[in-house]
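Q: Got a model here to talk through. Can you walk me through it, starting with a term we'll need?

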Amino acid sequence: MNNTKLLAVDMDGTLFDDDKNISKENLNAITKMLDQGNIFAFNTGRPNNALKRILSIYDEFKRDNVYMLGYQGVVGTEMNSDKVLFEDCIDNDTALELVAEILKADLTCLVFDNGCIYTFNENYFIESYKQVSRESLFYITDINTLKGKNITKIMAIEYDKPERLEQFRVAHASQFDDRYDNFFSHYAFLEYVKKGTGKGNGVRELAKQLNISLSNVIACGDEENDISMVEIAGVGVAMANARKELKDAADYVTVNDNNHSGIAEVINKFILN
């Protein structure tokens with residue numbers, strides 16, 4: 001193992017401010033840590049291809065020591081080359097079983113494979129999701145369209161009555177908890193990934209491939225889906241704006257929130273000093 005530091009960060013509510021921008025202070029701190037030979041990884045629910053498109057305006061990330069851990073850490077790629085380092089998809093039959101239950105519960109459903117997002121719904125929940133994610137979706141009507149797809153994650157959405165998502169999670173725990181990990185990435189987004197994967201496993205796998213000790217990993221987030229990476233990192237960080245469950249799991253809570261360059265605070269405290 002070497003002494004290189006690996007900084008893994010969530011996007012929304014963490015690196016991004018509420019307007020989906022990255023502050024100059026954050027960018028300057030990231031550039032300094034990369035110039036020193038450290039590693040930066042985006043660890044996000046977003047698809048890798050969509051993330052790269054969003055980040056194309058930032059020259060700071062067009063470097064060899066930047067990585068993307070997309071779909072909740074399920075798919076790891078090099079930022080510059082798009083080389084896939086690892087990918088751990090859901091068994092197709094298992095995926096279709098979960099999708100069928102989400103639709104039967106009259107919840108809006110999104111299904112992600114490595115490159116496409118599918119939905120059965122046309123409603124304002126989907127339009128709201130598009131605004132949050134800046135991603136395009138494919139509308140399908142037959143669940144069998146998903147057969148043979150490399151499905152990375154499945155999401156149930158409910159903006160109006162988000163408590164219905166928790167009710168679904170509890171009601172289906174005995175059916176799915178042995179095959180899926182699930183978590184909220186947003187108050188209206190309940191996500192399912194293959195059991196044993198997720199953001200924590202993505203960080204672990206990237207660190208292993210780069211020969212970096214987990215003790216040299218710093219992971220930052222704000223939501224429930226960030227708990228697994230915050231718990232396995234040498235330094236697990238919750239943003240000042242994070243939900244309580246993540247703050248309880250973290251080693252450090254930032255003074256500054258996502259709108260005030262909290263990631264720069266982390267870099268200056270744990271990597272550059």
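Predicted model: local features only at pLDDT ≥ 70, side-chain atom pairs only at ≥ 80, totals over all residues.

Q: Then which class does Lys20 fall in, buried or exposed?
A: Lys20 is buried, because its relative accessibility is 19% and the cut-off is under 20%.

Q: Where is the place of Lys20 in the chain?
A: Lys20 sits in the loop between helix 1 (11–15) and helix 2 (24–35).

Q: What about phi of Lys20?
A: That phi is near 65°. The value is positive, and the residue is not a glycine.

Q: What does Gln72 have for phi?
A: A positive phi of about 65°, again in a residue that is not a glycine. Gln72 lies in helix 4, residues 70–73.

Q: And is Gln72 buried or exposed?
A: Gln72 is buried, with a relative accessible area of 1%.

Q: Zooming out. How many helices and strands has the chain?
A: Twelve helices and 14 strands. The radius of gyration is 18 Å, close to the 19 Å from the globule rule for 273 residues, so the chain is as compact as a globular protein of that length.

Q: What does the C-alpha trace span along its principal axes?
A: About 55 × 35 × 35 Å.

Q: How much of the chain do buried residues make up?
A: Buried residues are 55% of the 273. The chain exposes about 11300 Å², with 45% of that supplied by carbon and sulfur atoms.

Q: What share of the contacts with a separation of 6 or more comes from residues 24 or more positions apart?
A: 61% of them.

Q: How do strand 6 and strand 7 pair?
A: Antiparallel, over four bridges. Asp113 stands opposite Cys116 in strand 7. The two strands form a hairpin with two residues between them. Gly115 is in that turn, and its phi is positive, about 135°.

Q: How does the chain cross from strand 7 to strand 8?
A: Through helix 6, residues 124–133. This β-α-β crossover is right-handed.

Q: How many bridges join strand 7 to strand 8?
A: Two, and the strands run parallel. Strand 7 covers residues 116–119. Tyr118 stands opposite Phe138 in strand 8, and Thr119 stands opposite Tyr139.

How values were computed. Residues numbered from 1 in each chain as written. Heavy atoms only, no water. Pairing = 2+ DSSP bridges. Rg over C-alpha atoms; globule rule 2.2 N^0.38 Å. Buried < 20%, exposed > 50% of the residue type's maximum accessible area, 1.4 Å probe, protein only. Contact = heavy atoms within 4.5 Å. Areas by Shrake-Rupley, 256 points an atom, 1.4 Å probe, with all protein chains shown as cover. Right-handed = clockwise from strand over helix to strand, strands pointing away.
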